[in-house]
Amino acid sequence: MVKFLFAFLLSTLVFAQGPRFVKGIELPTGYERIQYANGSYPEYLRGLPLKSNTEILKYDGKILRSSWILYDVLAVLDMPLLYQEDLEQCADFSMRLWSEYLKSMDSLNQLALFDYNGNSKLFRESGKSFRSYLRWHMAFSNSYSIKQGADVVAADTIQPGDMFVQNTDGGIGHVSVIMDAAVNPEGLKIFLIGFGYMPAQEFHIETADGEQGVGGWFTLEGYLAFLGGMQFKSYGTPALMRY
């Protein structure tokens, strides 16, 4: 009886803290997660752990106090920043997620990120460690680099790992990453989408409002409307891209 009570209280505590992984975020009624191959990038992303709270930490370890003004946070990845520098912003976190996936698959020989002009730079030819390779790209490339180098994706084929890349002139831009996808019987797809931002900070998943999606998940059109808001429209028209 005591063991049962302890187990019940423990499960209640875990439940109260919210989902532990991206794939544990609740689906709206009538939707099912789209299936992807085991070992794929989409499956890696939906298996990433989440923090037990929605506090976003900056690179200096301080809580981002303005987050409640800028964002409507659904969840925050439990992936602490690598550097105590203002490096891991939006484009940089997309680079890190892709790199961490290949590292987890023991496939760093396939890792290639882009220099500022979008030229592919292979990790295996860099002569750098994983951390120093990532740091170099975070310091010397940005959303413009990804837009110049990554592959364009058709809207009807987007999946977790794909990015909304905004940068028209090489200056400040923005990158959002699709983290999960689901579909209903009528074929309407919805997505969990998140981003890092400035200053360098932990990656969070944004909540869709009632006009942008359903149950906190975005439709494609809803997220494009979100990016067209005052906060992001100056970064340019979003392009759908894939590493």
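On this tour, "contact" means heavy atoms within 4.5 Å. The model is predicted, with local features needing pLDDT of at least 70, side-chain atom pairs counting only at pLDDT 80 or more, and totals for chains, interfaces and linings using all residues. Residues are numbered from 1 along each chain as its sequence is written, and side-chain values use heavy atoms, leaving out hydrogens and water.

Start by selecting aspartate 180, which sits in strand S7, residues 174-183 (strands are DSSP runs of E, at least two residues, and helices are runs of H or I, at least four, numbered from the N terminus). Aspartate 180 counts as buried because its relative accessibility is 0%; buried means under 20% relative accessible area, with a 1.4 Å probe and protein chains only.

Now show what surrounds aspartate 180: beyond its neighbours within four places in sequence, its contacts include Val22, Lys23, Arg46 and Trp217. Arginine 33 is worth a click too, as its side chain makes a polar contact with that of aspartate 180 at 2.6 Å.

Next, jump to aspartate 92 in helix H4, residues 90-104. Around it, leaving aside neighbours within four places in sequence, you'll find Leu87, His137, Met138 and Ser141 in contact. Select glutamine 89 as well: its backbone nitrogen lies 3.0 Å from a polar atom of the aspartate 92 side chain.

Zoom out to H4 as a whole, where 13 of the 15 residues are buried. To finish, step just past H4 to aspartate 106, which has a positive phi of about 55°.

How values were computed: A polar contact is a pair of N or O atoms within 3.5 Å; within protein, one must be able to donate a hydrogen and the other to accept it, and residues adjacent in sequence count only if both atoms are side-chain atoms. Buried means under 20% relative accessible area, exposed over 50%, partly exposed in between (1.4 Å probe, protein chains only).
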